[in-house]
Amino acid sequence: MKKDLSIYKNGDIVFRLGDSSVSNAVLVADENSPYSHIGIIYKYNDNPVVIHACPPEINSFNSDNYIKMDSISSFFSTKNAISGALYRYPDEMTANEAAEEAYRLYALNVPFDYLFDSSDSSELYCSELVEYVYMTLGVSLTNNKRHKVHIPCVDIDSCIFISDFLIADKLKIVDSF
C-alpha cells in the first residue's frame, strides 16, 4: 500500500495505528478503533501527501503545533505506523473539494486543538479536521456522532472518535497493511 502512490486520490482518508503514548491514549478513549490517527490525502504537485493534525512529538524540539502536510512514506513510516489503511469516499467531486479545503486550512496554519473540542473549528485535531472538511460540503462521514470523554486528566464534551468514520460506513476500504 505505501509504495504504490498511484492508488491515492484527493480526499482519500488514511488511518494508522501508532505505538506512542499519544496513540495509546487515543485507543483508551476510543475503545472501538483499530487506529490511533487519521488524515486526508491531497495531491500536491501531482504527488499524494497527507494533511493531518497532530501535536508535536513529545521528545521533539519542534514547536510546530499546526496542521501538517507529510509524504505518504513519512505518515506510514515504521516510526509512526504499526498498521494502516486507505479508505475512499465514493463521490469524487466532493472528495476533491474536501482535499482542497484541507489544504486551505493547512496553508492558514490552523493550530492543533489540545482541548479536542469539535464544537470549535478555530483549532482542529485529527478526526475533527477530516470531519470538518467534509462537513463544509454538507457530508458527515461520522453521521454527526460525538462523544463525551471522561478519563483521568481528560474531560471532553464533544469529541469525534476515529472509529466513528468506520462505523458510519460512508467510506470504502481501498487497501490496508
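Guide: Gladly! Let us start with rings: those of Phe, Tyr and Trp count as a pair if their centres lie within 6.5 Å. This is a predicted model, and a search of the whole structure finds eleven aromatic pairs.

Visitor: What makes Phe-76 and Phe-177 an edge-to-face pair?

Guide: Their ring centres are 5.4 Å apart, and the limit for pairing is 6.5 Å, so they qualify as a pair. Their planes stand at 85°, and an angle over 60 degrees counts as edge-to-face, so that is the label they get. The pair also links distant parts of the chain, 101 residues apart. Phe-76 is in the loop between helix 2 and strand 5, while Phe-177 is in the segment after strand 8.

Visitor: Why is Phe-76 called buried?

Guide: Its relative accessible area is 0%, and buried means under 20%, so Phe-76 is buried. Phe-177 has 35%, which lies between the limits of 20% and 50%, so Phe-177 is partly exposed.

Visitor: What makes Arg-16 count as lying over the face of Phe-75?

Guide: Arg-16 is at 4.4 Å from the ring centre, and the distance limit is 6 Å. The label also asks for a position within 35 degrees of the ring normal, and Arg-16 is found to lie over the face.

Visitor: Let us turn to charges. How do you know that Arg-88 and Asp-12 form a salt bridge?

Guide: The closest N and O atoms of Arg-88 and Asp-12 are 2.8 Å apart, and a salt bridge needs them within 4 Å, so the pair passes. Arg-88 lies in strand 5 and Asp-12 in the segment before strand 1, so the pair ties together parts that are 76 residues apart in sequence. Asp-12 is buried, with a relative accessible area of 1%, and Arg-88 is partly exposed, at 21%. A search of the whole structure finds four salt bridges.

Visitor: Why is the contact between Asp-157 and Lys-148 called a salt bridge?

Guide: Their closest N and O atoms are 3.9 Å apart, which is within the 4 Å limit, so the name applies. Both Asp-157 and Lys-148 are exposed. Another salt bridge joins Glu-131 and Arg-146, with the closest N and O atoms 3.6 Å apart. Glu-131 is in helix 4, and Arg-146 is in the loop between helix 4 and strand 6. Glu-131 is buried, at 1%, while Arg-146 is partly exposed, at 31%.

Visitor: What makes strand 1 and strand 5 a pair?

Guide: Five bridges join strand 1 to strand 5, and at least two are needed, so the two strands pair. They run antiparallel, and Leu-17 stands opposite Ser-83 in strand 5. Strand 5 is joined to strand 8 by four bridges, again antiparallel, and Ala-85 has Ser-176 in strand 8 as its bridge partner. Strand 5 is mostly covered, as five of its six residues are buried.

Visitor: Why does Ser-158 count as buried?

Guide: Ser-158, which is in strand 7, has 18% relative accessibility; the limit is under 20%, so Ser-158 is buried. Among the residues that Ser-158 touches are Phe-116, Tyr-125 and Arg-146.

Key
Residues numbered from 1 in each chain as written. Predicted model: local features only at pLDDT ≥ 70, side-chain atom pairs only at ≥ 80, totals over all residues. Heavy atoms only, no water. Salt bridge = Lys/Arg side-chain N within 4 Å of Asp/Glu carboxyl O. Helix = DSSP H or I, 4+ residues; strand = E, 2+ residues; numbered from the N terminus. Buried < 20%, exposed > 50% of the residue type's maximum accessible area, 1.4 Å probe, protein only. Phe/Tyr/Trp six-rings, centres within 6.5 Å; stacked < 30°, edge-to-face > 60°. Contact = heavy atoms within 4.5 Å. Lists of a residue's contacts leave out its neighbours within four places in sequence.
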